[in-house]
Amino acid sequence: MMRRSILMATVSAAWLASVCAVQAQVAGSSVDDIVVTGSRIAGGDRIAPVETVDRDVIAAAGVADASQLVRLVTANSGSEAQVDQLNQPQSSGTAQFNLRNLGLGATLVLVDGQRWTSSAVVATDGAAFVDINSLVPMIALQRVEVVKDGASAVYGSDAVAGVVNFITRHDVARPEVSAKYAVADGSEESVIQAIGGFGLLGGDLTLAASYFHRSALSTDERDFTQAEGYDRASWTAVTSYGQPGSYYRPSANAYAPDPDCDNAAFGAAYRNSASDTFCRLDYSDFFDLTPEETRTQLFADYRRPVGDMILSLQGAWSSTWTRARQTPSLPILAQSLTVPASHPDNPFGEDVLFRGRLLGAEAGASTAEFDYETWRLAAGLEGVFANGWDWNIAATASRQHVAYDKPDVIGSALQNALNGLGGAGCDAATGTPGVGVCQYFNPFGSAYLGTGTANSDALIDSLIGSTGLRGSASLTTADASTSGQAFAWSGGSVDVALGVQYRRSAFRHDWSDFVNAGDLLTAGYSPDFDGDQQTVAAYAEGRVHLGDRVEGQLAGRYESYDGEGRFSPKAAVRWDVTDTVALRASWGQGFRAPSVYAQSGAQASQPSVFDRGAFVFVNTLTSGDADLKPEKSESLTFGAQWRPVQGLALGLDAWRFDYTDQVVKESAQAIINQAAADTAAGLTGTDAQSRLTRSASGALTFVQLYFINASSVETQGMDVSARYGHALWGGQATASATWTYVDRYDIRLNDSAAEVSGVGSTNLNNIGRSLPRNRGEFVLGWSGGVHSVTGLVHYTAGYDNDRSGVTDTTIASQTTIDLLYSRALGADLELAVGVVNLADKAPPLAQFAFGYDPVVADPRGRVVSLGLTKRF
């Protein structure tokens with residue numbers, strides 16, 4: 001069935017391409033470059049609710065890289081951008097949109113209307129996404145258009161929540177170079193960019209390049225991250241897996257702290273009280289709020305006439321290197337290790353289980369490194385048939401590669417060393433404990449204090465391995481389409497677009513041998529995998545004009561992936577009631593195919609969970625399922641636009657999404673909670689209980705999770721917008737505002753589960769992400785002569801923290817102000833001074849490990865920038 005679909009799509013595309021080429025030669029006219037978002041027909045975007053973020057707003061907001069764009073779109077929530085390594089351990093350096101909080105992969109990201117490969121890494125919840133950091137240099141970006149209703153009928157899978165289209169600059173008349181330096185308390189950013197347009201071989205070539213560097217902002221640079229400021233409450237950056245550590249004594253059936261835990265030499269080690277049986281660690285100082293990052297990007301766009309046709313070629317390349325700090329060594333989670341009674345430094349006189357980590361605070365932070373390389377090539381040919389219809393054929397190929405190296409302790413090597421058989425030259429099968437090259441590793445505080453066996457650097461090095469991930473994601477597409485006026489009459493006309501598309505996406509992960517064997521004490525076990533998915537689609541769109549007042553859109557798309565077919569319809573209408581008032585409505589159904597990763601991959605992660613009265617990190621493995629169903633959605637929007645006076649435009653859009661069969665990673669906390677409830681009810685052998693593994697001491701060591709189809713997410717709300725422009729003080733004043741109100745966000749994990757409201761919640765105990773009920777963006781600007789000033793106000797309403805075990809569930813609202821002043825220093829040189837977060841407001845207190853919600857708040861504080869732009 002799939003082979004037949006591919007063959008039909010290939011034949012159709014070839015037929016359409018051949019007809020296009022012949023007819024274009026007859027037509028004898030060229031085609032202007034028109035970018036339309038939300039429709040395959042020029043002009044159709046006036047029906048869909050589209051929000052535009054242009055270059056002026058991007059500059060005023062101090063946006064230096066694409067990760068900062070997400071905060072400018074009020075319909076977006078729950079993205080991971082500048083998230084610390086504790087909460088984004090496998091995807092540092094990436095960023096993505098998340099419209100309506102329907103998932104990182106539910107928003108389709110386009111560049112000039114064409115798809116881009118998914119990232120080679122996934123989020124901690126297993127979501128695949130497009131890494132917007134890897135797209136194009138910011139200087140090459142003209143604007144970002146956001147379609148805020150379902151668009152699967154037009155664009156296919158992944159557009160269930162909407163579309164974000166990055167539209168690039170073309171025909172740059174004058175080359176320009178810009179440089180900007182920005183500084184915050186404890187961190188700095190710098191970016192150098194250039195763009196130029198040139199004539200080449202009868203066509204227009206646009207070239208752009210950028211270099212971006214941001215230094216790390218460490219947690220020890222901010223007071224709100226420090227556990228001591230909150231009396232080391234259990235919700236802060238503290239753990240019972242310390243160094244010095246704790247030891248389970250079978251004879252007492254209880255834990256005992258390292259005898260040297262209270263020694264003043266260990267400044268980050270502590271106990272809650274004299275009777276506390278755990279030697280704990282305060283790890284507040286060992287992470288980055290924003291990691292060190294270096295990114296280099298190149299972009300080229302070439303367009304030229306070829307006879308009566310237009311040839312377009314586009315290429316992009318991006319290299320991102322990220323280094324993220326973490327604790328000196330990670331907690332021992334995946335295995336239970338024994339310190340034998342024969343160990344020369346064991347003070348307990350019996351075999352004990354070690355709860356802790358290899359190294360303590362005195363060793364300093366370790367680092368994880370991420371290296372992403374992304375490239376994309378696109379080619380297109382377009383023209384006009386003799387009857388006036390446009391045609392277009394295009395193909396793209398894009399790929400992202402990742403190298404992810406994170407140090408972790410080798411379980412078998414550490415157990416051998418605890419038995420006296422450690423060291424690179426020791427043969428554990430034939431060596432004698434503690435004799436010759438075979439060494440004991442001393443896990444006790446006495447190793448650091450000099451009162452016990454010291455651990456050499458060489459011994460420690462022999463105990464540390466790496467995750468060693470080498471992975472890639474790729475996408476190949478081929479499209480053919482045509483559009484034009486089907487027929488017309490005195491009272492109106494009908495425009496039609498038809499097209500076919502072929503896509504192949506692939507995903508591959510290759511982990512180190514240590515991870516394949518499950519021998520790293522924190523990373524646990526992850527298998528290698530390699531999978532792909534092929535998709536063919538055919539679509540049609542029609543737009544009906546009834547006089548000058550009524551315009552309707554009807555679209556349908558049939559898409560088949562790996563033999564699974566889905567049809568997505570959409571209907572929309574706009575009625576210009578008067579010259580100043582317009583009404584619009586749309587209805588559509590969509591779907592999203594399960595990602596290759598969710599179907600065939602497996603992900604190990606170590607979330608913070610609440611178990612038996614304490615926060616702990618636990619090793620989990622989430623396994624893919626080849627039988628996952630596609631996600632389905634239904635969207636409904638009603639909107640009104642009003643222009644009461646010259647220069648003023650007001651808009652209101654009510655929206656609703658019903659998202660079913662959503663592919664999600666099961667919640668480890670939910671499984672733990674269910675197992676506890678089953679045990680309290682006197683049950684044994686339940687599914688939840690069988691998913692947990694505990695050590696002999698009762699410590700939670702493993703939770704088995706799966707990718708599943710959740711039953712439903714239903715969300716609805718309103719978007720309000722206002723724009724005004726007026727001549728003032730010899731210049732032009734502008735004002736705009738966008739506001740998103742979420743009325744409902746109801747989650748039902750399965751058919752038998754109770755409905756849970758996620759509005760105004762962090763949603764840590766369900767499949768959602770942090771979702772404040774209200775978000776607003778306000779822009780005021782004035783420009784005249786050589787001066788220009790722009791101010792932005794960002795508002796986020798307060799919301800609740802549903803994290804288990806917290807004592808204060810409230811997170812306050814926050815309002816921040818950004819300012820940008822620019823002055824022309826002559827005709828070709830411009831100076832810009834900007835301030836992000838003018839009042840230097842800290843994030844609202846949230847009982848997360850570092851005192852704030854990293855998904856919503858920006859931890860940087862005030863950021864002051866100075867920029868120069870030179871045009872030639």
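How many disulfides does the count come to? The count comes to two disulfides, in a model that is predicted.

**Exercise 1.** Describe the disulfide of Cys 261 and Cys 279.

*Solution.* Begin with the distance: the sulfur atoms of Cys 261 and Cys 279 are 2.2 Å apart, and a disulfide requires a pair within 2.5 Å. Next, consider the torsion, which is 90° about the S-S bond and makes the link of Cys 261 and Cys 279 right-handed. Then locate the two ends. Cys 261 is found in the loop between strand 12 (254-257) and strand 13 (269-270), and Cys 279 in the loop between strand 13 and strand 14 (280-282), so the pair ties together parts that are 18 residues apart in sequence. Finally, both Cys 261 and Cys 279 are buried.

**Exercise 2.** Determine the handedness of the disulfide of Cys 426 and Cys 438, and state whether each cysteine is buried or exposed.

*Solution.* The S to S distance between Cys 426 and Cys 438 is 2.0 Å. The torsion about their S-S bond is about 90°, and therefore the disulfide is right-handed. For the second part, the cut-off for buried is under 20% relative accessible area. Cys 426 has 13% and is buried; Cys 438, at 5%, also counts as buried. With bonded cysteines counted along the chain, the disulfides follow the pattern 1-2, 3-4.

**Exercise 3.** Explain why helix 4 is largely enclosed by the rest of the structure.

*Solution.* Helix 4 spans residues 411-418, and six of its eight residues are buried, so the rest of the structure largely encloses it. The buried residues are Gly 411, Ala 413, Leu 414, Gln 415, Ala 417 and Leu 418. Their packing partners are strand 18 (337-339), strand 22 (407-409) and helix 6 (457-462). After helix 4 comes Gly 420, with a positive phi near 90°.

**Exercise 4.** Characterise the surroundings of Gln 96.

*Solution.* A polar atom of the Gln 96 side chain lies 2.5 Å from the backbone nitrogen of Glu 80. Residues touched by Gln 96 include Val 70, Leu 104, Phe 129 and Ile 132.

**Exercise 5.** State whether Phe 872 is buried or exposed, and name the patch residues.

*Solution.* Phe 872 lies in the segment after strand 46 (863-871). With a relative accessible area of 54%, Phe 872 is exposed. Together with Val 177, Ile 192 and Tyr 211, Phe 872 makes a nonpolar surface patch of about 390 Å².

Definitions and conventions: Residues are numbered from 1 along each chain as its sequence is written. This is a predicted model: local features need pLDDT of at least 70, side-chain atom pairs count only at pLDDT 80 or more; totals for chains, interfaces and linings use all residues. Side-chain values use heavy atoms; hydrogens and water are left out. A polar contact is a pair of N or O atoms within 3.5 Å; within protein, one must be able to donate a hydrogen and the other to accept it, and residues adjacent in sequence count only if both atoms are side-chain atoms. Contact means heavy atoms within 4.5 Å. Patches are made of residues with over 30% relative accessible area and no salt bridge: like charges are joined within 9 Å, nonpolar side chains (Val, Leu, Ile, Met, Phe, Trp, Tyr) within 5 Å. Accessible areas come from the Shrake-Rupley method with a 1.4 Å probe; for residues, only the protein chains shown count as cover. A salt bridge is a side-chain nitrogen of Lys or Arg within 4 Å of a carboxyl oxygen of Asp or Glu. Helices (H or I, at least four residues) and strands (E, at least two) are DSSP runs, numbered from the N terminus. Buried means under 20% relative accessible area, exposed over 50%, partly exposed in between (1.4 Å probe, protein chains only). Lists of a residue's contacts leave out its neighbours within four places in sequence.
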